[in-house]
Amino acid sequence: MRDLQNKHILLGVTGGIAAYKSAELLRRLQDAGATVRVVMTRGATEFITPLTMQALSGLPVSLDLLDTETESVMGHIELARWADLILVAPASAHFLAGLRLGRADDLLTTLCLAATCPIAVAPAMNQAMWSNVATQENCRILRANGIAFFGPDAGLQACGEVGQGRLLDVPDIVRLTTEVFPSGLLAGRTVMITAGPTREAIDPVRYISNHSSGKQGYALAEAAVEAGAKVLLISGPVALAAPQRVTLINVVSADEMYAAVMAQIAACDIFIGVAAVADFKPVAPAPHKIKKQLLPSPAAAGPARDAQTVSEPRTLTLSLVENPDIIASVARLPNRPFTVGFAAETENLLTYARQKLENKRLDLVIANNVADSSIGFNSDNNGTTIISADATVTLPVASKRQVSNRIIAAIANHLAAKEGQP
Ligand code: CTP
């Protein structure tokens with residue numbers, strides 16, 4: 001079993017007979033190395049006492065949104081930030097409905113709204129409640145929003161009925177919890193990532209470039225290392241420190257990035273193109289700094305003018321030629337690696353992203369809305385949608401690092417499926 005060492009898990013317990021199993025779950029998560037804090041709904045306290053959970057976790061149990069005692073230990077926003085994962089087990093039908101609606105009427109739903117970490121739910125309820133169309137619709141929307149579902153299981157229920165709705169067995173919940181974190185998922189794999197912008201020279205002092213900060217590519221490199229991969233990071237010019245345990249190759253132009261990628265791609269299992277590669281470059285960069293005074297006047301093309309006598313602004317025409325499409329070239333290689341692209345768009349996000357998946361023959365596309373400045377190029381947060389040939393999964397807005405863990409886990413899962421592994 002993979003380790004939960006150093007992981008902070010916020011265990012949410014909602015009202016239902018399966019709540020008694022959350023005490024055992026808490027213990028097993030601790031055995032796997034996690035630090036667990038418990039949040040209980042009022043309904044949960046009817047089935048299991050906060051004292052039990054407090055004694056087992058060794059930490060205060062939070063019950064109410066406006067509880068001055070627990071707020072003074074750790075405020076609810078702080079608690080949401082503390083968590084690497086919110087795991088709600090058991091998750092009642094009532095809780096799932098509240099989560100789907102984005103309600104914040106108790107501490108647990110409020111934490112889920114405030115959290116930027118992944119959220120997983122292990123539903124437990126009567127089989128008729130589970131199969132009810134309202135619950136199923138809630139779950140469909142929650143899944144589409146990136147909430148992970150652990151179960152439910154089928155079998156004999158506490159009410160005596162048989163069907164789907166049982167809480168998944170505790171060891172299975174612990175196993176799925178470890179899989180939320182990418183450690184070990186890419187062990188033995190070599191991953192190449194392109195990141196940042198490229199610069200296309202106009203002359204020795206000027207260039208064409210774009211707003212890419214490199215943050216998402218660097219965060220993915222860190223997540224891939226944590227997942228056990230050997231990582232080659234081919235980076236355009238950015239103001240970021242090299243991630244630890246990553247082989248960093250600095251490049252400037254798209255041509256240099258293309259050459260650096262092709263030189264080492266044969267050794268790679270996975271290629272992730274995060275770089276905002278300039279699509280065009282000047283046909284012939286000037287060998288010396290272009291001098292304004294030497295440009296022709298639009299009014300009287302002819303001899304160079306003095307700045308004092310200018311009446312019409314000068315124009316400068318640059319001829320541009322297309323750069324190589326790096327990711328499309330990688331995807332065309334005979335022994336291509338698993339190839340993942342990013343689609344940064346300002347409109348028609350999903351349509352354009354799907355076109356890129358097909359046109360560039362990619363295995364996955366991560367779609368980004370860069371028109372939204374809260375999640376765009378220079379932001380520390382990102383909201384992304386993972387698109388494959390047969391599925392579209394939207395991840396909740398989270399830090400670029402947390403989003404990276406989810407992307408790496410998705411890549412590992414898709415790669416394993418492609419290779420026919422379980
Ligand atoms: N990409 C690349 N080489 C290029 C252009 C893009 O490897 N010359 C990769 C990017 O790293 C990204 C994906 O292709 O993974 C999509 O990049 P994007 O700039 O969104 O797409 P373009 O193909 O350039 O299309 P457009 O600019 O028209 O949206």
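Cores, cis prolines and an open sheet

Q: Where does proline 90 sit?
A: Proline 90 has its place in strand 3, where strands are DSSP runs of E of at least two residues and helices are runs of H or I of at least four, both numbered from the N terminus. This is a predicted model, in which local features need pLDDT of at least 70 and side-chain atom pairs count only at pLDDT 80 or more, while totals for chains, interfaces and linings use all residues. Residues are numbered from 1 along each chain as its sequence is written, and side-chain values use heavy atoms, with hydrogens and water left out.

Q: Which residue does a cis peptide bond join to proline 90?
A: That cis bond joins alanine 89 and proline 90, with omega about 0°. Another cis peptide bond joins glycine 151 and proline 152, with omega about 10°, and proline 152 is found in the loop between strand 5 (148–149) and strand 6 (153–156).

Q: What does leucine 11 touch?
A: Leaving aside residues up to four places away in sequence, the contacts of leucine 11 (heavy atoms within 4.5 Å) include Leu25, Val38, Met53, Leu87 and Ala89. Leu11 is also one of the residues that touch the most other members of the largest nonpolar core, which has 34 residues. Such a core is a set of buried Ala, Val, Leu, Ile, Met, Phe, Trp, Tyr and Cys residues joined through side-chain atoms within 4.5 Å; buried means under 20% relative accessible area, exposed over 50%, and partly exposed in between, with a 1.4 Å probe and protein chains only.

Q: Which elements give two or more residues to that core?
A: Among them are strand 1 (8–13), helix 1 (21–31), strand 3 (85–91) and helix 9 (170–180). Apart from this core lies another, of 33 residues, including Ala195, Leu220, Ile270 and Phe342.

Q: Switching topic, what is the strand order in the open sheet?
A: The eight strands of the open sheet follow the order 12-11-8-13-16-17-19-20, with mixed pairing, two strands being paired if DSSP finds at least two bridges between them. Strand 12 (246–250) and strand 20 (392–394) are the edges, each pairing on one side only.

Q: How many bridges join strand 8 to strand 11?
A: Six bridges join these two parallel strands, and isoleucine 193 stands opposite leucine 233 of strand 11.

Q: And asparagine 6, is it buried or exposed?
A: Asparagine 6 counts as exposed because its relative accessibility is 62%. Asparagine 6 lies in the segment before strand 1 and has a positive phi of about 65°, although it is not a glycine.
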